[in-house]
Amino acid sequence: MKKSTKALIAGGIGVALLVGGAGTVAFWTDEADGGDGVITAGTLDLGTPAGGGWEISHAGDGSGTATAPVAFNPESDQIVPGDILTYAQNIPVTLEGENIAAQFDGAIDVTANGADADTALAAALEKEDLAATDISGATGDLSFDNGKLTGEGTGNVEVTTTVKFPWGTEGQYNPAKLGSLNFAVDYKLTQVPGN
Amino acid sequence: MSARRAVFAAAAAATAGALLLGGNATYAAWSDSAKSEKTTITAGTLAAEITQSDPASVAMGEGASAGIFPGDNSKGIIPGAQGQRWTYTVTNSSKSAVTANVALKINGSVSNATDYAAIRPYLKATTKVGATTTEIPSSAFTASGFQHTVKLGDKLAPGKKATIELTLSMPATVTNSQGQKVDVAVELIKHRSATTDAQKIFTMENSASLSQVGQP
């Protein structure tokens, strides 16, 4: 076979090899691994509430000025119609995340112990919503405004809960005499959009 | 990146997008909760206590100077000469948690309707709290009995007590509607008795009432 023919045949095969059966093309490739990228999530955490403090003032029938608040010891002191009880507690919070924001809220949990007087007392009390008033010891960018936490950091949300024993009409709350109830507060931190 | 890796990456991204969008555009937000310690709150009480003494005779009006000498054991009302006194002690129990306003509620029901009807126009009653004596209005003596509420005015702190004297009497004489002086004893001669046991006018069931002081 002539060299030219061989060359032509070789070139044709080579071309055939290059163009392929369905028009594919063989081109060079290479790979390299990028560096390790660790993605971590932030957090939103409520710590264990620190011991709270009770205070009591007395408004009576509302005809005069309420007394100044004084310390109230639930183990030894008793409430009567016209009393206003406040419970102050600090709640540790931790927020981490580039766009983290959270709403602080809570609910008062009052349960009677079963006796008729207990039930009457639980029904008599006016449970006002708790108020998250401020934040103390904030670190990082953590800030607090009207119940909303923004920015990363830790701190203590200061919460005040108010419970009132109404004056009522004469004898209205007699069934609640010597009644007792269990009081607690459920705190909640819920993420809200950071934008 | 190889074509195969590119396809996997695209599929993963599409899946992640589906998870984020969800079924009704909901999204999963973080939350956490905590509970305060449990505290037991107890209500106080307000409790009234009352004691009543046996009736005592009280010398009134002319008495001996009019020649009237009640018997040693006589406790009944003698017009113009002797009244009958009941003493009540009202206590704001030491178990009470509040200071209270005090009232004595007098409730007398008729024992003998005929005697009471005859005696009723002449009956008088006073209360004495401390050094203050107050006359009870005659309107307190109704056809059904004797009802009146005595408000003490003073407040009682827990553990404190107050004493109220209730004295019932009749005058020696009254002036009738014709302007004539009437001897009460003579008018009631058919309704007299030497002892209280024999001639009850009405039966009293009195009670103490405490109400929590309103002003702080």
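Arg192(B) is located in the loop that joins helix H3 (184-187) to S14 of chain B. The model described here is a predicted one. Arg192(B) has a relative accessible area of 64% and is therefore exposed, the cut-off for that class being over 50%. Between Arg192(B) and Asp115(B) there are 77 residues of separation in sequence, whereas their C-alpha atoms lie 8.9 Å apart in space.

Aromatic side chains were examined next. Over all chains, the count of aromatic pairs comes to ten. One of these is formed by Tyr116(B) and Phe202(B), whose rings are arranged edge-to-face, with 6.0 Å centre to centre and 85° between the planes. This pair connects distant parts of the chain: Tyr116(B) belongs to helix H2 (residues 113-119) of chain B, Phe202(B) belongs to strand S14 (residues 202-204) of chain B, and the two are 86 residues apart. Tyr116(B) counts as buried because its relative accessibility is 2%, under the limit of 20%. Phe202(B), at 13% relative accessibility, is likewise classed as buried.

Phe202(B) also pairs with Phe141(B). In this case the geometry is tilted, with a centre-to-centre distance of 6.3 Å and an angle of 45° between the planes. Here too distant parts of the chain are linked, since Phe141(B) is in strand S9 (residues 141-142) of chain B and Phe202(B) is in strand S14 of chain B, 61 residues apart. Both partners, Phe141(B) and Phe202(B), are buried.

In chain A, two helices and eleven strands are present. Read from the N terminus, the order of its elements is α-β-β-β-β-β-α-β-β-β-β-β-β. Chain A comprises 195 residues, of which 33% count as buried.

A cluster of aromatic residues in chain A consists of Trp54(A), Phe72(A), Tyr87(A) and Phe183(A), which are linked by ring pairs. Along the chain, Phe72(A) and Val93(A) are 21 residues apart, and a distance of 27 Å separates their C-alpha atoms.

The loop between H1 and S1 of chain A contains Ala26(A). With a relative accessible area of 77%, Ala26(A) is exposed. Ala26(A) and Asp109(A) are separated by 83 residues in sequence, and their C-alpha to C-alpha distance is 73 Å.

Asp33(A) is likewise placed in the loop between helix H1 (3-19) and strand S1 (43-46) of chain A. Asp33(A) is exposed because its relative accessible area is 79%, over the 50% required. Together with Asp30(A), Glu31(A) and Asp36(A), Asp33(A) forms a negative surface patch.

Note on methods:
Residues numbered from 1 in each chain as written. Chains lettered and ligands numbered in written order. Predicted model: local features only at pLDDT ≥ 70, side-chain atom pairs only at ≥ 80, totals over all residues. Heavy atoms only, no water. Patch = residues over 30% accessible without salt bridge, like charges linked within 9 Å, V, L, I, M, F, W, Y side chains within 5 Å. Areas by Shrake-Rupley, 256 points an atom, 1.4 Å probe, with all protein chains shown as cover. Salt bridge = Lys/Arg side-chain N within 4 Å of Asp/Glu carboxyl O. Lys, Arg positive; Asp, Glu negative; His and termini not counted. Charge placed at Lys NZ, Arg CZ, Asp CG, Glu CD. Helix = DSSP H or I, 4+ residues; strand = E, 2+ residues; numbered from the N terminus. Buried < 20%, exposed > 50% of the residue type's maximum accessible area, 1.4 Å probe, protein only. Phe/Tyr/Trp six-rings, centres within 6.5 Å; stacked < 30°, edge-to-face > 60°.
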